[in-house]
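Let's take a friendly walk through a protein model. Have a look at the sequence and the structure, and then read on.

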Amino acid sequence: MAAGQTKNAAARLFQAAELLRQASRAYAFTGAGVSTESGIPDFRAPGTGLWSNPELLSLATGDALRQDPVRFYSAFLPQWLRYRKAEPNPAHKALADLEAKGILSGVITQNIDGLHRKAGSQTVYEVHGHLRHLVCSDCCETANFEVAVAALQQGTLPPRCRCGGMLRPDVVLFGETMAPDFDRAMAELHQGCDVMLVVGSSLKVFPAASLVGFADCFIIINLEPTPLDHRAAVVIHGSAGDVMPRIAALVLSQ
Ligand code: NAD
Ligand code: ZN
């Protein structure tokens, strides 16, 4: 526990709210844990997480997509269709409220599910990409995501661009460079970030997690301990959907 961290749960909520209220440039940094209450499993969830399925994990690479795109798409498309149908939960909504009221300057997310935008967040950096469209591996044209759904239904995977090239999801796979939003987020943070609200991230996926290091101080909200808990100003072990609305209510009540 870092110096100044308090053991009392209610006091931690107040401390987090106070830090946010006093911040001049606060950002949220979110991971898969902010979306589990929307029905999307995180990487490490026992039984359902990607890491409990070694086949899926080995397929989540740029090489696997290039070597066997049909296998890649057959494995991931059903999951992504669930992501696209999911609805924001109270944690996404609380973050959007905090931005609308001028407390947060934006949300930096590792998630590809698009739920922050769906909840109303305006400034969202999707450092691992998103599922709003596909992009051609050859000519870089974009295409509607539904093209992949149609190809799955018609048995014509992988989806193809008008130029004949393979359409791929606009997400960052293992071994690939980060999405342009990663550099944009870093440039924003270089301008200053006095408080970072970290919600639902194991903080074990790099380089995304390195962005937290740009903040003068950070608050961690996560179900389980993270490797950076000892450096956080406030750590709250709880569910994002429960904790975030409470913090937002405290911040916005004054
Ligand atoms: P992670 O799976 O490594 O860790 C998620 C963390 O969230 C865990 O520490 C877990 O204890 C915590 N958590 C789970 N449910 C929670 C809840 N309701 N409230 C609070 N905490 C909760 O996720 P990560 O840190 O984002 O990194 C994994 C990678 O997985 C990311 O790169 C991300 O792109 C990708 N991913 C994204 C999605 C998505 O788009 N929703 C889903 C799965 C994985
Ligand atoms: Zn093309």
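The sections below cover the model itself, its domains, a sheet and the salt bridges.

## About the model

This is a predicted model, in which local features need pLDDT of at least 70, side-chain atom pairs count only at pLDDT 80 or more, and totals for chains, interfaces and linings use all residues. Residues are numbered from 1 along each chain as its sequence is written, chains are lettered from A and ligands numbered from 1 in the order in which they are written, and side-chain values use heavy atoms, leaving out hydrogens and water.

## Two domains

The protein splits into domain 1 (1–40 + 88–128 + 177–254) and domain 2 (43–85 + 131–171); these bounds come from an automatic or database domain assignment. Their C-alpha centres are 28 Å apart. Domain 1 gives 12 residues to the contact and domain 2 gives 11 residues, where contact means heavy atoms within 4.5 Å.

How much area do domain 1 and domain 2 bury between them? The value is about 890 Å², with 51% of it on carbon and sulfur atoms. Buried area is the accessible area (1.4 Å probe) that two parts lose on being put together, summed over both. On the domain 1 side, Ile40, Ile112 and Lys118 lose the most area to domain 2, together 44% of what that side buries.

## A three-stranded sheet

Now to the strands (DSSP runs of E, at least two residues) and helices (DSSP runs of H or I, at least four residues), both numbered from the N terminus. An open sheet is built from 3 strands in the order S5-S4-S6, with antiparallel pairing; two strands pair if DSSP finds at least two bridges between them. Strand S5 (142–144) and strand S6 (167–171) are at the edges with a single partner strand each, so one side of each has no neighbour in the sheet.

Strand S4 (residues 129–136) is joined to S5 by 3 bridges. Leu134 has Ala143 in S5 as its bridge partner. Helix H7 (residues 146–154) lies across S4, S5 and S6, at about 60 degrees to S5. For such angles, axes are lines fitted to C-alpha atoms, for helices over the stretch in contact, and angles run from 0 to 180 degrees between N-to-C directions.

## Salt bridges

Side chains of opposite charge can pair when their charged atoms come close. The count here is 12 salt bridges, each a side-chain nitrogen of Lys or Arg within 4 Å of a carboxyl oxygen of Asp or Glu. Between domain 1 and domain 2 the count is 1.

Arg25 pairs with Glu188, their closest N and O atoms being 3.2 Å apart. Arg25 sits in the loop between helix H1 (9–22) and strand S1 (26–30) and Glu188 in helix H8 (residues 180–190), so this pair ties together parts 163 residues apart in sequence.
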